[in-house]
Structure formats: structure tokens, C-alpha cells
Amino acid sequence: MHHRPILTEAMQDGTAITYTLAALHQTGYRVDMEFWGGEAESCCPPNPPQPGK
């Protein structure tokens, strides 16, 4: 199964990454910042087709 996320403003402005990193750190798992630093770029097109539509 492949995910088809909808690109949101939070994903575009970095808010989603900030929230996700905080949640990951709170789990106690090690977060490899090498893969989370730098400029964010989405792999998602702006309006991907949604299942059943």
C-alpha cells in the first residue's frame, strides 16, 4: 500500500517537521539529525489523486 498524503501548509512551511521531531524526541528513540536537517523538500505533488475519487 502506498500513502497519498495531501500537501498541507504545515508541510510546506516546516511546522510539520518541527512537530514531528519534537514527538520523535519525546519517544526516547534516537533521532538521526543528519536526515532531518537542511532545507525541507516534499516528495509529494501538490494535489495527489486520492483513492476512490
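View 1. Buried here means under 20% relative accessible area, exposed means over 50%, and partly exposed is in between (1.4 Å probe, protein chains only). The chain is a predicted model, where local features need pLDDT of at least 70, side-chain atom pairs count only at pLDDT 80 or more, and totals for chains, interfaces and linings use all residues. Residues are numbered from 1 along each chain as its sequence is written, and side-chain values use heavy atoms, with hydrogens and water left out.

**View 2. Helix 2 covers residues 15–27.** The protein chain has two helices and zero strands; these are DSSP runs numbered from the N terminus (helices: H or I, at least four residues; strands: E, at least two). With 13 residues at 1.5 Å each, helix 2 should span 18 Å, and its end C-alpha atoms sit 19 Å apart, which agrees. That expected span is 1.5 Å times one less than the number of residues.

**View 3. Phe35 lies in the segment after helix 2.** Phe35 counts as exposed because its relative accessibility is 64%.
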